[in-house]
Amino acid sequence: MMCIVAQSCCNVIDIEEIDGDATEVLRGALAEASRYGGRAVTIRLSPGDYHLSRIMASQHVYYVSNTASAEENPDPTKHIGIWLKGLQNVTIDGRGARLVTHGEMTPIVIDSCSNVTLKNFSLTAADPTVPEFRVLGVDSAAMTVEVTAPSRFEIDKGRFYFEGEGWRFPDANLPELAQVFYPEDNVTQRCDSPLRNYCEARRLNERVVEFVFDSVPDVRAGEIYHMRHGIRSEVCAFINRSRDICIENAEFNFLGNFGLVGQFSENITYDNIRCCPEEGSGRTDAGFADFVQMSSCRGRISIVNSYFEGAHDDPINIHGTHLVVMPGSSGDRLIVRYMHGQTYGFAPCVADDEVEVVDRRTLNARMTAKVRDVNRLSDYDYELRLNRRLPDGIAVDDLAVENISWTPEVEIANNYFARIPTRGILITTRGKSVIEDNVFYRMPMSAVLISDDARGWYESGPVHGLTIRRNTFVECGSPVIAIWPEIERFEAPVHKNIKVADNHFILRPGSVAVSVRGSENIVVCDNEFDLADSERLPVDSLVEARDVSGLVLSGNRVMAR
């Protein structure tokens with residue numbers, strides 16, 4: 001049920017808890033909000049469960065960075081539960097509401113909007129596409145597991161399948177991926193699927209299954225396995241071509257089949273969000289892939305006061321995109337191509353954007369120019385007309401282009417990261433940025449990776465001003481902080497003006513705290529390096545550098561534990 005209430009300070013659309021599917025009612029509330037013509041309006045939900053279904057969702061085509069290739073997912077149509085399109089000055093206040101998805105879908109899209117706030121709600125899935133099971137026991141012939149609720153399964157002719165609304169896994173046409181969670185350590189790691197070579201599955205009771213093997217996999221009782229197919233056909237939330245967007249006081253208990261994605265958007269704030277399993281649910285995984293991915297955004301990205309636990313990939317990744325310059329380019333005309341299959345289909349720039357042309361091998365800039373116009377040639381290829389010609393003597397074979405009009409300043413502060421199988425934060429932006437007052441707990445890879453590449457994932461670009469301070473790094477992978485532009489040969493520094501200060505590193509034996517390559521003006525000062533008693537290492541051995549100018553080490557301390 002929906003009712004409209006006029007108040008002196010603003011306009012309010014109140015929604016009472018809905019029995020059954022709420023998708024259509026919420027769509028009606030957004031249509032009502034659009035009638036206010038940009039005047040401030042708040043949609044308020046009553047506490048309770050609101051069910052969003054793929055079958056009732058709005059369907060719109062969106063190409064989203066870092067999701068799925070055309071081969072993996074030929075139809076990029078998204079099935080959207082809450083679709084905000086062209087709205088201004090809208091707040092959705094959940095007031096404790098719990099949104100529950102059914103089927104593979106995109107719960108939230110914010111497209112071409114400004115000044116939108118979503119707050120005070122949680123989001124989960126009735127049929128999470130990362131089902132889990134706990135190993136109860138293993139012997140020489142069989143493994144017995146308990147499937148974690150709410151995941152459903154069936155056994156058909158001795159073959160085991162997880163099932164959701166409109167999906168089934170394993171599927172012979174989809175990859176089968178897994179990771180293992182060790183509860184005693186609160187650590188997850190990627191692994192081979194323990195179900196890859198079983199001979200027969202037998203249901204023992206409602207949630208317990210016995211898998212019979214010729215050769216039992218190397219598993220232990222108590223380990224918890226997360227399973228998924230790996231095709232990012234939908235996203236949890238997509239912020240596209242929008243500005244001044246805030247998500248606050250929100251809990252994301254399952255983010256499928258990708259995370260919170262910002263693309264060509266400006267000024268995005270995540271304040272007090274929790275990406276983690278629902279307390280008391282029994283689940284230990286909350287995400288299908290990354291939690292937060294910001295691609296080619298600008299203004300200020302703030303991720304503060306938040307909690308990230310239980311992803312299947314990086315919690316935070318902030319980057320631009322390198323497009324490769326193709327043969328046939330010359331003068332002021334560049335033909336550029338998206339090279340990584342999982343990013344394509346959306347215009348890399350518009351008229352008046354500024355681009356930088358870089359050498360793919362060194363990542364050094366060759367020129368900057370303004371874009372006069374853009375012509376789409378295909379989902380992957382675009383023609384750019386620039387206000388300058390390529391300098392004489394530069395071969396186009398080894399060039400790439402980055403849109404530098406869309407590079408944000410970033411604040412990542414007062415957050416907690418744990419139960420992650422990869423890195424904590426990936427950041428490649430030339431905007432002035434800070435990573436401060438965070439805790440990184442047992443990342444198996446680097447806690448912070450500062451990359452930049454034009455030959456692999458094509459995630460750009462150089463970092464020109466970053467401070468990493470007052471963080472605690474607990475037994476993370478080595479190097480804990482990696483400043484690693486992906487260059488084939490060193491010609492001139494790529495990253496610059498990076499300061500690592502006042503951090504506490506609790507290091508694994510043999511770990512490096514900070515590793516720097518191909519950079520300049522790097523300061524590592526006033527950090528505390530906490531080592532095992534057996535190690536007696538000088539500070540200099542905990543910081544490694546290659547092709548670095550202006551490296552300053554001062555005031556760092558080694559402590560033994």
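The model is predicted, so local features need pLDDT of at least 70, side-chain atom pairs count only at pLDDT 80 or more, and totals for chains, interfaces and linings use all residues. Residues are numbered from 1 along each chain as its sequence is written, and side-chain values use heavy atoms, with hydrogens and water left out.

Q: What is the volume of the largest pocket?
A: A pocket is an open set of points on a 1 Å grid over the protein atoms alone, with protein on both sides within 12 Å along at least five of seven lines. Grid points are joined across faces, edges and corners, and a volume is the space filled by probe spheres set on the points. For the largest pocket this gives about 500 Å³.

Q: Which residues are closest to the centre of the largest pocket?
A: Lining residues have an atom within 4 Å of a point. The largest pocket has 29 of them. The closest to its centre are Arg232, Asp313, Asp314, Arg423 and Trp457.

Q: Which strand gives the most to the lining of the largest pocket?
A: Strands are DSSP runs of E with at least two residues, and helices are runs of H or I with at least four, numbered from the N terminus. Strand 15 (177-182), strand 27 (316-321) and strand 36 (425-427) each give two or more residues to this lining. The one that gives the most, with three residues, is strand 15.

Q: How many residues in the lining of the largest pocket are charged?
A: Asp, Glu, Lys and Arg count as charged; Ala, Val, Leu, Ile, Met, Phe, Trp, Tyr, Cys and Pro as nonpolar; the others, Gly among them, as polar. The lining of the largest pocket has eight nonpolar and nine polar residues. Its charged residues number 12.

Q: Which elements give two or more residues to the lining of the second largest pocket?
A: The second largest pocket holds about 300 Å³ of space. Its lining has 17 residues, with Arg54, Asn73, Glu104, Ile231 and Ser233 closest to the centre. The elements that give two or more are strand 6 (77-85) and strand 14 (167-169).

Q: What is the volume of the largest cavity?
A: A cavity is a set of grid points where a 1.4 Å probe fits but cannot get out. There are six cavities of 30 Å³ or more. The largest is lined by 14 residues, with Thr101, Gly103, Ala125, Phe254 and Gly256 nearest its centre. Its volume is about 110 Å³.

Q: Which residue is the bridge partner of phenylalanine 153?
A: Strand 12 and strand 13 (residues 159-164) run antiparallel, joined by five bridges. In strand 13, the partner is phenylalanine 162.

Q: Which residue in strand 49 stands opposite phenylalanine 529?
A: Strand 47 (residues 528-531) runs parallel to strand 45 (residues 504-506), with three bridges. Strand 47 also pairs in the parallel sense with strand 49 (residues 557-560), over four bridges. There, phenylalanine 529 faces valine 558.

Q: How far apart are the end C-alpha atoms of helix 1?
A: The expected span is 1.5 Å times one less than the number of residues. Helix 1 (residues 23-34) has 12 residues, so it should span 16 Å. The distance in the model agrees, at 17 Å.

Notes. Pairing = 2+ DSSP bridges.
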